[in-house]
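My notes follow, in the order I took them.

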Amino acid sequence: MRVLVSACLLGDNCKYNGKNNRNEALLQRLQKHEVVRICPEVLGGLGVPRPCVELRDGVAYNQYGENVDAAFRAGVQKALEQIEGQQIDLVVLQSRSPTCGVKQIYDGTFSKRLIDGQGMLAAALAESGYRLVDVEDIDSVPEL
């Protein structure tokens, strides 16, 4: 099985704060599978570290109120191009991320309030028919 995974979950220091979301349980479950790592934010040219970003009405803004939507959309496009033509059986993405959130994202007010919705990459992948799983739900995927 080929699994597309948010790079931060694999231990890559690509989060906005320069850290990662390394997930040991996920790493254990991925041992027998082919892994494709992805970080659309880095692909979009955003540095590490970088200001925190949330989506407001579908548009990416950083914590200083700057519109960074073009970089986010460019990263999503590059991510889609990177996997084009590959057989991706499952996608495991970081929870609540403005690019990778599968079920929820922050509401754009930088008040830590969550709303139902998807990050930009998650939405694009879902629209393209990929099977998405929030990393917090990996136990519900028996073949992983």
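I began with lysine 103. Lysine 103 is partly exposed, at 40% relative accessible area. My scale is this: buried is under 20% relative accessible area, exposed is over 50%, and partly exposed is in between, with a 1.4 Å probe and protein chains only.

Ground rules. This is a predicted model, so I keep local features at pLDDT of at least 70 and side-chain atom pairs at pLDDT 80 or more, while totals for chains, interfaces and linings use all residues. Residues are numbered from 1 along each chain as its sequence is written, and side-chain values use heavy atoms, without hydrogens and water.

**Charged pairs**

I counted salt bridges next; the structure holds 10. The criterion is a side-chain nitrogen of Lys or Arg within 4 Å of a carboxyl oxygen of Asp or Glu.

Lysine 103 pairs with aspartate 137, with the closest N and O atoms 2.9 Å apart. This links distant parts of the chain: lysine 103 is in the loop between β5 and β6, aspartate 137 in the segment after β8, 34 residues apart. Helices (H or I, at least four residues) and strands (E, at least two) are DSSP runs, numbered from the N terminus. Aspartate 137 is partly exposed, at 27%.

I then checked arginine 29, which meets aspartate 139 in a salt bridge (2.9 Å, N to O). Arginine 29 sits in helix α1 (residues 24–30) and aspartate 139 in the segment after β8, so the pair ties together parts 110 residues apart in sequence. Aspartate 139 is exposed, at 67%.

Aspartate 107 and arginine 113 form another salt bridge, at 2.6 Å between the closest N and O atoms. Is aspartate 107 buried or exposed? Aspartate 107 is buried, with a relative accessible area of 14%. Arginine 113 is partly exposed, at 49%.

**Sheet**

I traced 4 strands in an open sheet, ordered β2-β1-β5-β8, with parallel pairing. Two strands pair if DSSP finds at least two bridges between them. β2 (34–38) and β8 (132–134) are at the edges with a single partner strand each, so one side of each has no neighbour in the sheet. β1 (residues 2–6) and β2 share 5 bridges. Arginine 2 stands opposite glutamate 34 in β2.

**Cores**

The largest nonpolar core has 25 residues, and Leu4, Leu93 and Leu125 have the most contacts inside it. Such a core is a set of buried Ala, Val, Leu, Ile, Met, Phe, Trp, Tyr and Cys residues joined through side-chain atoms within 4.5 Å. A second, separate core has 18 residues, including Cys8, Leu26, Leu90 and Ile138.

In helix α4 (residues 120–127), I found Met120, Leu121, Ala122, Ala124 and Leu125 buried. Glycine 129 follows α4 with a positive phi near 95°. The buried residues of α3 include Phe72, Val76 and Ile83. Just after α3, glycine 85 has a positive phi of about 85°.

Most residues other than glycine have a negative phi, and most peptide bonds are trans. I logged the exceptions. Valine 48 and proline 49 are joined by a cis peptide bond, omega about -5°. Proline 49 is in the loop between α2 and β3. Aspartate 57 has a positive phi near 55°. Aspartate 57 lies in the loop between β3 and β4 and is exposed, at 78%. Phenylalanine 110 has a positive phi near 60°. Phenylalanine 110 is in the loop between β6 (104–106) and β7 (114–116) and is partly exposed, at 29%.
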